[in-house]
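Student: Could you take me through the sheet in this one, with a close look at how its strands are arranged and what lies against them?

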Amino acid sequence: MQVRIASKDDIAVIRHIAHETWPVAYRGLLSEPQLAYMLELIYSPGALDKQFNEGHIFFIAETDEEVAVGFAGCSEYEPGINWKLHKLYVLPHIQKSGAGKALMQAVIQTAKEHHAAALLLNVKRDNPAYHYYLEKGFRVVDTVDIPIGEGYFMRDYVMMKEI
């Protein structure tokens, strides 16, 4: 498993992985209309282009055959203090292969190189991924309800890991 920095040329790859992982990751957690709305809001070509332009760094996990199997996205959150992990998704049939761990290591290393003291993330409160992040050393520092439009909210834990 290798991890590389993504470019805007990888927008289609990121979109593909998001569209493959979200229906599985959020089954029973989001309604189909909310899932479709959020995929478009966050992963449309324009939205991803904007994220790249705003300084988000994306990483792609690839197999030895250079097949993309996961991605992560992060950015500086509080200048000179903290970074934020915005996204980390691995294709369902590849999970537990080390791809998620490799992506997380790339994000942490990048945050460290930018002298961040901690890495923050938001995770849906009833998402089993919450336990994954606890195992990786994150702890809950806040609970938030973020309106995202169309009457939908992200009901999340804010988690932090000192790095």
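Seven strands make up an open sheet with mixed pairing, and their order is β1-β2-β3-β4-β5-β7-β6. Strands here are DSSP E runs of at least two residues, helices are H or I runs of at least four, and both are numbered from the N terminus; two strands pair if DSSP finds at least two bridges between them. At the edges stand β1 (2–5) and β6 (139–149), each with a single partner strand, so one side of each has no neighbour in the sheet. On average, neighbouring strands are turned by 30° against each other, direction ignored (axes are lines fitted to C-alpha atoms, for helices over the stretch in contact; angles run from 0 to 180 degrees between N-to-C directions).

This is a predicted model, where local features need pLDDT of at least 70, side-chain atom pairs count only at pLDDT 80 or more, and totals for chains, interfaces and linings use all residues. Residues are numbered from 1 along each chain as its sequence is written, and side-chain values use heavy atoms, leaving out hydrogens and water.

Helix α1 (residues 11–25) lies across β2 (57–62), β3 and β4, at about 100° to β3.

C-alpha to C-alpha, Val140 and Met159 are 4.3 Å apart, though 19 residues apart in sequence.

Note on methods. Contact means heavy atoms within 4.5 Å.
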